[in-house]
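This report covers strand pairing, aromatic contacts and salt bridges. Keep the coordinates open while reading.

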Amino acid sequence: MSCILKQSVAAKRLYRVALAAFGLLVCIGGSQLIHAASPELTTSLPRGGKRGTELKVTFYGTRLNNAQELLFHEPGLSFKDLKPLDDKKVEATIVIAPDCRLGEHHVRIRATDGTTYARTFWVSQFDNVAEAEPNDDFDAPQKIANNVTVEGEAKPEDVDYYQIQAKKGDRISVEVEALRINTLRQQVAVDPYVAILDKDRFELAVSDDSALLKQESVVSIIAPEDGNYVVEVRDSAYEGRGRYRVHIGSFPRPLGIYPAGGQAGSEMEFTLIGDPKGQYKQKVKLPEQTTGAYEVFGQNAGLYPPSGNKVRVTSLENVLETEPNNSIGELKEAEGKPLPRAFNGILATEGDNDYFKFTAKKGQKFSLKVYANTIGTPVDALMVVYDAKGKSLGSNDDADGSPDSKVDFTAPEDGEYFVRVKDMLNRGGEDFVYRIESQTSEPEILVSMPEMQRRDTQYRKQFDVPRGNSFAMVVNTSRRNFSGDLVFDLPELPKGVTWEAGTIPKTQSSFPILLKAAADAPIEGSLYPLLVKNADPEKPVVGRYIQELDLVRGNPNGALYYTSDVDTLPIAVVEEVPFSISIEQPKIPLTRNGTMNLKVVAHRKEGFDGKITLRMLWRPPGIGCPSTVSIDEKKTEATYELNANGNAEVGTWKMTLLGEASQNGLITVAAPFVNLAVEEPFVDMKMTMASVPQTQEVAMLCDVSQLRPFEGKAKVSVQGLPAEATADPVEITKADEKVTFMVKTTEKTPVGMHKNLFCAVEVPQAGLTMLHKVGQGGTLRVDPKPKAPAEPKPAADKKEEAKKEAPKEKPLSRLEQLRLEAMKGSGESGN
């Protein structure tokens, strides 16, 4: 399935993807990842061809000199005469079968050193015509025949004109593939605009965006008179920097299809809507398997539209609207049928409201979902569910990142219910088609792979397994409407390749899978299904891997503009690389709140001394580790520290690491699985608070809880003491219930509350020790050093002491001194 996203929707999806990917990116080292040494495919010329023909195509990219074959995700395409021209170009002849499906296909190049990303290749019913410059003058357009596909290029400030001839009453249709066919990193290369003009340059029809193809252009008219008509093609903002394919001719171009779906395996008669020559019908045998969206190419007068109209293929029985159905009152006498079913209708006029009646039993649960915008119709749906009295039981406008509605419904009692749908802006028209599917709670498994590099969904989604080596990837699973363990299944693989994976516990959604290639495995590969199944054979549920290809990104911040889905995985054996890595099998378990060092060994071939970066691809729940660890140049060993928190899930887990090294690009291998056992700790402890003055010592008591027995003596030490505080380790046995540490301090031990103390317990096992940390949260209070007592004073002479104790005379102020002097002067004169 392909999907073009409006800018606002693209921005919302970017935000959700960024949040979902954040945890994984932290584990693998953020976004500073380097593209691998695998070949890279950027584009091809021409970008497509006519079905039933052979076409020489040049593929462009980097590291293409070892190209071996082309891999096609869809049937109808093959190749011959593949020839690498140099490191950046490969030439091949594409053989397009007469019954090849029109529209978008996906191709990869497989080389001896890897497989490229998927890129698009487009199939038309018309011959290719190359753009011939100059054609930027309306008065001197490029003359072309009717019913051709022009391969052109949109440049900045560029306008291309093409002239055709038509008779009065002829249909003139134009459809562009531009935004979809260019892959510029984080850029929209061409946002197309087309117009049909008469000889006097009067615009008969224009198109920038369309409901059918979103930001691609499509337009169709009836020629008003005999004569020449000019088709204008350009970037809507005159900023084009990429290729386009424009189909110009008398082909039909319906804008809608009704009903918008049918039952798998059935033969349906569809009505094609919106073509300027009027509606027409097409009988179609739908696929036997439910596919979700499926393209119907409605033939008319021997021609087909370049792209199909999307319908839904499910197991649901169709219910078609019957007018009048604009209110609950108009449906009172109508028979309500039980769910699950699919309701189909058209909001044919402005302000149209459509109601459907159904029955449900108390407690039944359904998810009612509208399909309109996501299948290319103009409807911006608003859906409401009512009970028999007209009371609203739930409503929704937008859901799942699109303008389509979704309401989860649980019947409160046995009875009749109604669902109403309308356009949010009260619009309507003949192509305002919609479909409401009542999805039951059937068991389902969704299978994908995490985004390993931000804004790049194809990064590391190619299993390129070096001869005599391994490669690993994490697979995401999502269980719907059931709970249980899951198992992988790869029913087909290249010769000499085997796979290994553990059972995915019901508590987990992500799990690693490892592929190994024998030393003599042929260098070959293809596209293979990856399945995930319910581990209980009595309750079969199967999910298939689906990869979303982020084919076009742009502003803001690399938002998704165009995506396609493929359901096969590229797996290939590639040439031998100069190193491999392995993990030494742990001889003892890792306990909750414990620590373990994994020993990793690099096996270097002669002449390779480079640095190897180790990455933990996946961690068991509750296990922490560094994002990367390095094996330095010429070294062969490193340790990778694992830390288990107190909630680490107990069990035995398969562990692997990725090893990366640079040699003409990035080489990536994986270590074979080892089994990591996670167990409960042997003991737990509770540390009591202690206080001690500086320079003194104190007994810190700990209560010991024996959780499971162990042999011999375990060494226990206090961790987290402040500087200049020490405590000698002590030993305990499986019988001890308390332990005491003598904590010694100095005058330099910091004063204050020290709250992060814990105990490290080393339990002997199989000649080694299992380290785990218990008693977290212990507190030691350090008080200041006590002051020395004051020395007694010696006896003093009483006279001297009295002098010292006699009160000193208060000095006279200046005013008092003047008064005293005046008094003395008076006395003298009186004598």
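The sections below go from basis to strands, rings and charges.

## Basis

This is a predicted model: local features need pLDDT of at least 70, side-chain atom pairs count only at pLDDT 80 or more, and totals for chains, interfaces and linings use all residues. Residues are numbered from 1 along each chain as its sequence is written, and side-chain values use heavy atoms, with hydrogens and water left out.

## Strand pairing around E13

Strands (E, at least two residues) are DSSP runs, numbered from the N terminus. Two strands pair if DSSP finds at least two bridges between them.

Strand E13 spans residues 148-156 and runs parallel to strand E11, residues 128-130, with three bridges between them. Asn 128 stands opposite Thr 149 of E13. E13 also runs antiparallel to strand E20, residues 239-249, through eight bridges. Here Thr 149 stands opposite His 247 in E20.

## A five-stranded open sheet

The order is E27-E29-E36-E31-E34, an open sheet with mixed pairing. E27 (318-320) and E34 are the edge strands; each has a single partner strand, so one side of each lacks a neighbour in the sheet. Neighbouring strands are turned by 20° against each other on average, direction ignored. Axes for such angles are lines fitted to C-alpha atoms, and angles run from 0 to 180 degrees between N-to-C directions.

Strand E31 (residues 365-371) meets E34 in antiparallel fashion, with five bridges. Phe 366 stands opposite Phe 409 in E34.

## Aromatic contacts

Rings of Phe, Tyr and Trp (its six-membered ring) pair if their centres lie within 6.5 Å; planes under 30 degrees apart count as stacked, over 60 as edge-to-face and the rest as tilted. Phe 358 and Phe 409 have ring centres 5.8 Å apart and planes at 90°, so they pair edge-to-face. Phe 358 sits in strand E30 (residues 353-360) and Phe 409 in strand E34 (residues 406-410), 51 residues apart. Both are buried (under 20% relative accessible area; exposed is over 50%, partly exposed in between; 1.4 Å probe, protein chains only). Phe 463 and Phe 471 are another edge-to-face pair, at 5.6 Å centre to centre and 75° between the planes. Phe 463 and Phe 471 are both buried.

Ring pairs also build a cluster of Phe 343, Phe 356, Phe 358, Phe 409, Tyr 417 and Tyr 434. Lys 369 lies over the face of Tyr 371, at 5.4 Å from the ring centre. A charge sits over a ring if NZ of Lys or CZ of Arg is within 6 Å of the ring centre and within 35 degrees of the ring normal.

## Salt bridges

The structure holds 41 salt bridges (a side-chain nitrogen of Lys or Arg within 4 Å of a carboxyl oxygen of Asp or Glu). One joins Arg 253 to Glu 175, at 2.7 Å from N to O. Arg 253 is in the loop between E20 and strand E21 (256-258), and Glu 175 is in strand E15 (residues 171-177), so the pair ties together parts 78 residues apart in sequence. Arg 253 counts as buried at 1% relative accessibility, and Glu 175 counts as buried at 0%.

Asp 489 bridges to Lys 533, with the closest N and O atoms 3.0 Å apart. Asp 489 belongs to strand E40 (residues 486-489) and Lys 533 to strand E44 (residues 531-534), 44 residues apart. Lys 533 is partly exposed at 29% relative accessible area.

Conventions. Helix = DSSP H or I, 4+ residues; strand = E, 2+ residues; numbered from the N terminus.
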